[in-house]
Structures are given as structure tokens and as C-alpha cells.
Amino acid sequence: MDWAERSREIFAQEIGELQNVASRIGDEMNRAVEMIYNSTNQVVITGIGKTGIIGRKIAASLASTGTHAIFLNAAEAIHGDLGMVCRHDTVIIISNSGSSREILALLAPLKRLECTIIAMTGNVKSELAQHADLVLNTGVHAEAGKVGLAPTTSTTAALVMGDALTLCLMEKRNFQAENFVLYHPGGALGRRLLTRVRDRMETAIPRVGLHSEFREIIYEVSSKRLGMTVVFDDMDSPAGIITDGDIRRAIQNFDDIRTIQAQDFMTVNFKRIHPDVMVSDALESMDINKITTLAVMEEENLLGILSIHHIFDFRNDRL
């Protein structure tokens, strides 16, 4: 057996099932997003077994992106933890079969609490679906594998449906990186998102003049190790930049590089960024423009240079 090939077959099977689930998504998702967005109460995600594990992840994703959400194990709920649910909460119940004993036992008390019930189930004719206010259909034709008994494709479908709901609500709330930082202050990601350009920029700016010769330019770019230099005019204002790429192109395009000056091959309309912009936005700008450095400027004042190496400097991330 070629297990690599078998793994690709399993991937293909699950992807095919996910495409079928996606094709069935309709207005019920619009209603679910609006329902949760307009509610002032919490969202409670519940499930049991493998779907409980998926539910815990969905609850965590919602909570970290601006939706007040908690996870409640269905088995523990019917033995006292149902007290975590408040009147008028929105409860998302995840159950592939829609007929688990612990799941069905929750329906009556949730109704008495006047909770809105969203069923995420693979069986739209189940008792759970019949008693829900809204159904998100995660039904799949078969679980992955030859035996098809272990929850695989069904749990993947529930996970992706939860991701879709989470991201739709995130966009509905216009949840930005600044908001994300509030819930993720720790770790390298939180530090990177909290960091402003001025915190990472290099203030020892490589500099040459308009009339600087090629040899001088090469020396400045190499010695400052930023892969570029700023070209200043006679008024000591930044007139352009020269990067490693500009130098390579100059070697190809000019017959005698000994005679060229900085003004002959500098980039005039160089990309710049404000020092108070977040580093994450600076990285996005670099990615869009396919560059590795940005001039940090406040109005017409050049304050420093931000290199992509400053953003991903592992030593700084460990501070």
C-alpha cells in the first residue's frame, strides 16, 4: 500500500464532501449571522464526543474574534452545567446524527430558557433539527476511509461551517487587527500586532547624494546591510532610493557603470509608510508591492527605514 497516495485519496474524498456541503449553504447562514450579531447575549456551543471537540474549537474562534462565546459539554450540561446558559442566549448544538440522548435532553430546558437554538447537524430530519430555530446542514454522504465508521468528514464539515460562521461575524463586526490584539496580547503574534513601525525601524539611514558614483553607492548599500540606500538632494531631502535590484538592473542596462551617478538609476516614487502604522500593515504593504523595505516618513521628514528583516527578527520576537 502506498500510504502517500492513500492519504491523497482521503484528502480528495473530504474535499469533495466539503464542496457538497458548501453548495447547500443558503439564506440560513445570513439569518444565523444576523441573529448572533444582533444579540446582546452570549453564544453557547455544545456537543459531545468528537463534535464536542469541534465545538470547543468553534467557541474559542468566536471568542477570540469579538463574539462572546463559551463551550458547554452536553453530558456535563444535563448534570448541572446548564446553569452556565442564560435566558435568551443563542445555543449552537453540534450533532451529526441529531439524535444523541444527551443532546436531545437539552432541548426542553433550553426552550424554557427561551434560547435561540441553531442546530449544526448532518441530519436535517432529526429530532434536533425539528426543534431548532435554524439549521446549518453539515450532512455528508460518507465518512472518509473504507470502513467509514470513525467521525472524519462529518467533523471536518462541522469545523469548516464553524469557521465560515466565525469569519462572517468577524467581517460583519469589521473586526480589525487592533481588535485582534486585545484578545491575543501574548506570544509572537500579539507582540507583532501590537508593534508600531517606529518600534522596529532603523534610524541609521544609508545615504548618498544625487551625484554619488557607483562605487560609493555599492559601498553604502553593503555597509548598512539594508539592501538599499536613500538618495538625498542638495537640500538634504530624500529624492529617491536605490535598492539591490536597482543596482543589478543598472549593471545590465548601462555600458559603463563607472560613469553613472545615483540620480541616473534611482527610484523616485518610492514606497513610504507612517511611523505609527502597525507592523502588520507594513508587512501587508510590502507583500502587495513585492518589496522588502519601506521609507518611514512623517510628512516630508524621513525618520528611518523599515526592513522585512526587522519584522521577522526572531531575536526581537523573543523579547
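I took a salt bridge to be a side-chain nitrogen of Lys or Arg lying within 4 Å of a carboxyl oxygen of Asp or Glu. With that rule in hand I went through this predicted model, and the count came to eleven salt bridges.

**Entry 1, the whole chain.** The box filled by the C-alpha atoms, taken along the principal axes, is roughly 85 × 50 × 35 Å.

Among contacts between residues at least 6 apart in sequence, 63% join residues that are at least 24 apart. For the charges, I found 32 positive and 41 negative ones, with mean positions 6 Å apart.

Which residues of helix α5 are buried? In this helix, which covers residues 101-112, I listed Glu102, Ile103, Leu106, Leu107, Pro109 and Leu110. I next asked what covers them, and the cover includes the strands β1 (43-47), β3 (90-95) and β4 (116-121) together with the helices α4 (74-77) and α6 (127-131). After α5 comes Glu114, and I noted that its phi is positive, near 60°.

Arg101, by contrast, is exposed, with a relative accessible area of 61%.

Is Ser126 buried or exposed? Ser126 has its place in the loop between β4 and α6, and I count this residue as buried because its relative accessibility is 4%, where buried means under 20%. Leaving aside neighbours within four places in sequence, I found Ser126 in contact with Ser97, Gly98 and Thr121.

I looked up Arg8 and found a salt bridge with Glu5, the closest N and O atoms being 2.9 Å apart. Both residues belong to helix α1 (residues 3-24), and because they are three residues apart there, about one helical turn separates them. An α-helix has 3.6 residues a turn, so residues three or four places apart point the same way. Glu5 itself is partly exposed, with a relative accessible area of 35%.

Which parts of the chain does the pair of Asp276 and Arg198 link? I first noted that their side chains meet in a salt bridge, at 2.9 Å from N to O. The pair links distant parts of the chain, with Asp276 in the loop between β9 (272-273) and α14 (279-289) and Arg198 in helix α10 (residues 197-200), 78 residues apart. I recorded Asp276 as partly exposed, at a relative accessible area of 38%, and Arg198 also counts as partly exposed, at 37% relative accessibility.

Definitions and conventions: Residues are numbered from 1 along each chain as its sequence is written. This is a predicted model: local features need pLDDT of at least 70, side-chain atom pairs count only at pLDDT 80 or more; totals for chains, interfaces and linings use all residues. Side-chain values use heavy atoms; hydrogens and water are left out. Contact means heavy atoms within 4.5 Å. Lys and Arg count as positive and Asp and Glu as negative; His and the chain ends are not counted. The place of a charge is taken as NZ of Lys, CZ of Arg, CG of Asp or CD of Glu. Buried means under 20% relative accessible area, exposed over 50%, partly exposed in between (1.4 Å probe, protein chains only). Helices (H or I, at least four residues) and strands (E, at least two) are DSSP runs, numbered from the N terminus.
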